[in-house]
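Try each task before reading the solution below it.

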Amino acid sequence: MVKGGKALELKYTVSGFIYISVEDDCHKVVDAMLETDYNEEFCIAEGFDPDFIARLMEAGFLVMSINISEDEPYYILLPKLHLVRSVLHFDRLHIKRSIRRFLNNNLLNYELKADSDFDLIIDGCVEKHGADWLTPPLVEAIKKIRNDKNYCAYPTSFALYRDGNFVAGEFGVICGKVYTSYSGFYEEANAGTVQIILLTRYLKEKGFSFFDFGMPLDYKNSLGAEEITPHEFVRLFRG
């Protein structure tokens with residue numbers, strides 16, 4: 001599965017996690033992980049250089065972070081390649097009857113805005129869910145990647161409005177024809193589900209390959225998401 005030359009020799013921490021350095025070819029790291037059937041979801045990496053994080057994203061990692069110090073904060077990266085990945089193919093979207101009435105009610109005046117309110121949404125995710133993995137240096141790096149048009153990875157956001165009021169939003173990363181969801185939140189009941197459904201329709205209309213949900217959860221399965229292996233995900237991700 002190794003492309004473009006000899007196989008990459010993986011490096012491991014004393015606790016058995018793969019260590020990815022700034023100098024590594026992130027695509028070859030993924031190839032080597034699949035070849036060796038690495039049985040952990042997380043790798044370890046250090047440094048918050050936007051170029052490095054963008055390369056991790058472009059290789060298919062969902063990039064997370066954590067503070068490992070109880071004293072002065074010391075943050076590391078946790079690039080994640082899920083052992084089970086949740087993806088939604090557009091023709092499998094399932095909409096519950098209880099949600100259809102919200103979508104079909106013209107009086108509700110829902111409007112999905114693409115690539116909108118990015119700072120509001122990513123900062124709102126931190127406020128709603130905490131900074132356990134969406135740490136300050138990672139947020140800063142993601143914002144820098146978004147503002148640099150030279151990367152293939154593009155952090156973006158989707159905001160749902162009802163009657164002109166913000167009711168739900170999420171942010172994620174576009175790589176090629178794949179959108180990977182990172183986090184989101186909603187301000188009123190059912191708005192989060194409506195936002196996901198409208199986003200799915202938007203991605204299909206714009207020619208995306210599939211909707212990458214990341215970690216499997218029951219509500220994703222109820223929308224028609226499929227749980228796949230890392231090998232299958234990487235094949236689909238690379239197109």
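**Exercise 1. Decide whether aspartate 117 is buried, partly exposed or exposed, and describe its setting**.

Keep in mind that this is a predicted model. Start with accessibility: aspartate 117 has a relative accessibility of 28%. Buried means under 20% and exposed means over 50%, so aspartate 117 counts as partly exposed. Next, find its place: aspartate 117 sits in the loop between S7 and H4. Finally, check the backbone: phi of aspartate 117 is near 55°, which is a positive value in a residue other than glycine.

**Exercise 2. Do the analysis again for aspartate 115**.

The relative accessibility of aspartate 115 is 35%, so this residue counts as partly exposed. Its location is the loop between strand S7 (110-114) and H4. For the backbone, phi of aspartate 115 is near 55°, a positive value in a residue that is not glycine.

**Exercise 3. Work out which class the ring pair of phenylalanine 118 and phenylalanine 171 belongs to, and what parts of the chain it links**.

A search of the whole structure gives 11 aromatic pairs. In this one, the ring centres are 6.2 Å apart and the planes meet at 80°. Planes over 60 degrees apart count as edge-to-face, so the pair of phenylalanine 118 and phenylalanine 171 is edge-to-face. Now look at the chain: phenylalanine 118 belongs to helix H4 (residues 118-129) and phenylalanine 171 to strand S9, so the pair links distant parts of the chain, 53 residues apart. As for accessibility, phenylalanine 118 and phenylalanine 171 are both buried.

**Exercise 4. Classify the pair of phenylalanine 211 and phenylalanine 213, then find the cluster that holds them**.

Here the distance is 4.4 Å centre to centre, with 50° between the planes, and the pair is tilted. Phenylalanine 211 and phenylalanine 213 are both buried. Stepping back, they belong to one aromatic cluster made up of Phe158, Tyr179, Tyr202, Phe211 and Phe213.

**Exercise 5. Find two places where a charged side chain lies over the face of a ring**.

Go to arginine 85, which lies over the face of phenylalanine 233 at 3.8 Å from the ring centre. Then turn to lysine 113, which lies over the face of tyrosine 161 at 4.6 Å from the ring centre.

**Exercise 6. Describe the largest cavity: its volume, its lining and the elements that supply it**.

The count of cavities of 30 Å³ or more comes to one. The largest cavity holds about 60 Å³ of space. Its lining consists of Met57, Gly60, Phe61, Arg85, Val173, Cys175, Val178, Thr180, Tyr182 and Phe237. The elements that give two or more residues to this lining are strand S9 (165-175) and strand S10 (178-186), and S10 gives the most, with three residues. By class, the lining has seven nonpolar, two polar and one charged residues.

**Exercise 7. Now describe the largest pocket**.

About 800 Å³ of space lies in the largest pocket. It is lined by 35 residues, and the closest to its centre are Gly184, Ile196, Leu217, Tyr219 and Lys220. The elements that each supply at least two lining residues include strand S4 (62-67), helix H6 (191-205) and strand S11 (210-214). By class, the lining divides into 18 nonpolar, 13 polar and four charged residues.

Conventions
Residues numbered from 1 in each chain as written. Predicted model: local features only at pLDDT ≥ 70, side-chain atom pairs only at ≥ 80, totals over all residues. Heavy atoms only, no water. 1 Å grid on protein atoms, 1.4 Å probe; cavity = no way out; pocket = protein on both sides within 12 Å on 5 of 7 lines; lining within 4 Å. Points joined across faces, edges and corners; volume = space filled by probe spheres on them. Helix = DSSP H or I, 4+ residues; strand = E, 2+ residues; numbered from the N terminus. Nonpolar A, V, L, I, M, F, W, Y, C, P; charged D, E, K, R; others polar. Phe/Tyr/Trp six-rings, centres within 6.5 Å; stacked < 30°, edge-to-face > 60°. Buried < 20%, exposed > 50% of the residue type's maximum accessible area, 1.4 Å probe, protein only. Lys NZ or Arg CZ within 6 Å of the ring centre and 35° of its normal.
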